[in-house]
Amino acid sequence: MINFSRKSCSCRNERAFLQRHVPQDKLDEVLKRRAAEYRKHQIRTKASLDVLLIAPSNSPLQYPVHGFTVEPLKKTPIPGLAVHSTERTVYKVSLSVSSGVLSVEGTTDMDLVAGQGQNKLNISTQNVTQLNQLLSQMSYTSTIYHIKTKDYANFTFEDHAVMFPIIIKRPSMPVLYDPGTDINSQVTITTKTFLRYKELNVLIKSIRRYYKDMKIIIADDSLNPQKVNGANIEQYIMPPAQGWFAGRNLAVSQVMTKYFLWVDDDFVFIDDTKIEKFVEVMEAVPELDVVAGGVGRDRVYFKVKYEEGDVEEGGCLTRFIGHRHQALPGQPHCSLVDGVVNFFLARTDSVRRVGFDPFLKRVGHSEFFFDGLGDLLVATCAGVKIGHQRKVNQGKYLKYRRQKEADATLKLAHQFFKNHLKCF
């Protein structure tokens, strides 16, 4: 077992340091709280196999290298244990674990097996065939209840010693969505609106031109809400000016279909807004969580470089606009990326697991994809796009949008703590 200590990551310029955006009179306390929360995060998220194991160069021991998973508190046979050795007068092996007990089933010969039902078990025999028979009957039982954790087994024979992981995990229930018989039972259209009912009605009218029966869910935090009329439309009224991400959470929480299409309230459906093409890609690549297209002439996407960095300082995040990882296998018109524009189709359950941070009211979009880094597989595809309505000068609406500078400072201070970042 080898642990590599994490090293500090480098930031390109002073302006990138997020610590600058935290009030200096509160910085010491913020750092203490952040360090404490990060330690708890590590405990929660590092329960899976996170320790590097190096296989011995030449060992007579056979054992499960990876994939041995057990349910908590349930006795489970250990697969593949064996010794391949030249002739010996006596064969002695030892196995030990930390979070469970070991036993050899079907044997009552205490001269051969010592330590039944304990965390260390020894087998001694003069016959290698008998040894391997006993090893094939060995079981592991965890002694702790945890839905996702790990143990390590130490397996030794003479001067040979190996370690293999045991994943202790409660199996998860599947959550399936009935796709029904048409596109309307597969996709719900979601949007968030604030003071832009004229634009919203243009959007709805354009949707109905192409998808007359598809459900539309609207999260509305306008100051004086107006009723939005139309068939198969659900309008959810929020407290005033709660913000974009709070509205996204509300809208997505009400989706009952496998996928939802996110659009801004000032978009407009055009001939190239083919939701079916998005669904085809998602169905062809079940691992995919989000697929996006273009808005107008633009197809905006980005790639992210994230370094965990020093445990105390935090990580470094760099975004590369217009960069991609590689082509999506089997879909040459699509590319794998880390973040996309506000026109995307997503798997409902995947996005719910990540969620939208309601702290982000008026400044934010990429932050959802930052939070989903490593959990969401994202693609952008050519050939599907949506239109953008002409911008109209709305005094009251712009008043709220102009609060960007103050919001941006708060957002960066928030990321400093929440994402344990040193710089962005």
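Which hand does the link of Cys334 and Cys381 have about the S-S bond?

1. The model is a predicted one. In it, the link of Cys334 and Cys381 is right-handed, with 110 degrees about the S-S bond. The sulfur atoms of Cys334 and Cys381 are 2.0 Å apart. Because Cys334 belongs to strand 21 (residues 331–337) and Cys381 to strand 24 (residues 378–388), the pair ties together parts that are 47 residues apart in sequence. Both Cys334 and Cys381 are buried.

2. Cys9 and Cys316 form another disulfide, with 2.1 Å between their sulfur atoms. The torsion about this S-S bond is about 85 degrees, so the disulfide of Cys9 and Cys316 is right-handed. Cys9 precedes helix 1 (27–45) and Cys316 sits in strand 19 (residues 314–321), so parts 307 residues apart in sequence are tied together. Cys9 and Cys316 are buried.

3. Cys11 is joined to Cys423, S to S 1.9 Å. Here the torsion is about -90 degrees, so the disulfide of Cys11 and Cys423 is left-handed. Cys11 is in the segment before helix 1 and Cys423 in strand 25 (residues 421–423), 412 residues apart. Both are buried.

4. In total, the whole structure holds 3 disulfides. Counting bonded cysteines along the chain, their pattern is 1-3, 2-6, 4-5.

5. Turning to the sheet, 6 strands make up an open, mixed arrangement in the order 2-11-10-5-8-7. Strand 5 (residues 91–96) and strand 10 (residues 148–157) run antiparallel and are joined by 4 bridges. Ser94 is opposite Thr156 of strand 10.

Key
Residues numbered from 1 in each chain as written. Predicted model: local features only at pLDDT ≥ 70, side-chain atom pairs only at ≥ 80, totals over all residues. Heavy atoms only, no water. Pairing = 2+ DSSP bridges. Helix = DSSP H or I, 4+ residues; strand = E, 2+ residues; numbered from the N terminus. Disulfide = S-S within 2.5 Å. Buried < 20%, exposed > 50% of the residue type's maximum accessible area, 1.4 Å probe, protein only.
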